[in-house]
Each structure stands twice: as structure tokens, then as C-alpha cells.
Amino acid sequence: MESIRSLVAEKPVVIFSKSSCCMSHSIQTLISGYGANVTVYELDQLSNGQEVEKALVQMGCKPSVPAVFIGEQLIGGANQVMTIHVKNQLAALLRRAGAIWV
């Protein structure tokens, strides 16, 4: 889990993904649509991707991707992000994290 903390440190929005995951791409597109600069780590392209994926599962991410961190806090997967979006809370969360300014 320390490796995850170091990867999300000081980045407003981080998404752990797999290059073949359409939901990861959809969530990335949604958040980018707010104007946020998203840092994406493709687990299938990282040398320690399997280790990171195991840590994400231990943190409660099931399925392991997408795993979304905003303001260094684990938000969760696609369902959690979409729930926050539908409740009109995503923009405020992104503002508090310094990911957007409007």
C-alpha cells in the first residue's frame, strides 16, 4: 500500500486502470470532461502492476480497476464515481482536491 501512496501523492486525480478496460476509459473521460488533469497508471503496463493491483484489492477495490483517487483519497471504482457524479458532488470534490478551479 505504500507504493500506492507514493503514486497518488501530490496528484489531484489518479486512476489505476488497465489498457483494455472500457470502464476505466469512461471514468477517465468523465473526469477529464470537468477540466481535470488525470494521472493514469495502466497496471498492465507497470513493471509492478500485479503488486499494485493486489494492494488495490486489499484496500477494497473490487474489481481492481478502475480505482479512482481524488485528493489522495480512495473514491472507489466506476460505480462510486458515477454515484458521486449523478448526485452533482463530483465537481465539488475535484475543486477541493485542486484538480479544477471553476
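Student: What separates Glu2 and Arg5 in helix α1?

Tutor: Glu2 and Arg5 are 3 residues apart in helix α1, residues 2-8, so about one helical turn lies between them. Helices here are DSSP runs of H or I with at least four residues, and strands are runs of E with at least two, numbered from the N terminus. The model is a predicted one: local features need pLDDT of at least 70 and side-chain atom pairs 80 or more, while totals for chains, interfaces and linings use all residues. Residues are numbered from 1 along each chain as its sequence is written, and side-chain values use heavy atoms, leaving out hydrogens and water.

Student: What makes the contact of Glu2 and Arg5 a salt bridge?

Tutor: The rule asks for a side-chain nitrogen of Lys or Arg within 4 Å of a carboxyl oxygen of Asp or Glu. For Glu2 and Arg5 the N to O distance is 3.0 Å, so the pair qualifies as a salt bridge.

Student: How do you know that Glu2 counts as exposed?

Tutor: Compare its value with the cut-offs: buried is under 20% relative accessible area, exposed is over 50%, and partly exposed is in between (1.4 Å probe, protein chains only). Glu2 has 55%, so it is exposed.

Student: Which salt bridge does Lys18 form?

Tutor: Lys18 meets Glu53, also at 3.0 Å from N to O. Lys18 sits in the loop between β1 (13-17) and α2 (22-33), and Glu53 in helix α3 (residues 49-58), so this pair ties together parts 35 residues apart in sequence. With a relative accessible area of 26%, Lys18 is partly exposed. The count by this rule is 2 salt bridges.

Student: Now the rings. Why is the pair of Phe16 and Tyr41 called stacked?

Tutor: Rings of Phe, Tyr and Trp (its six-membered ring) pair if their centres lie within 6.5 Å; planes under 30 degrees apart are stacked, over 60 edge-to-face, and the rest tilted. For Phe16 and Tyr41 the centres are 5.5 Å apart and the planes are at 25°, so the pair is stacked. This pair links distant parts of the chain, with Phe16 in strand β1 and Tyr41 in strand β2 (residues 39-42), 25 residues apart.
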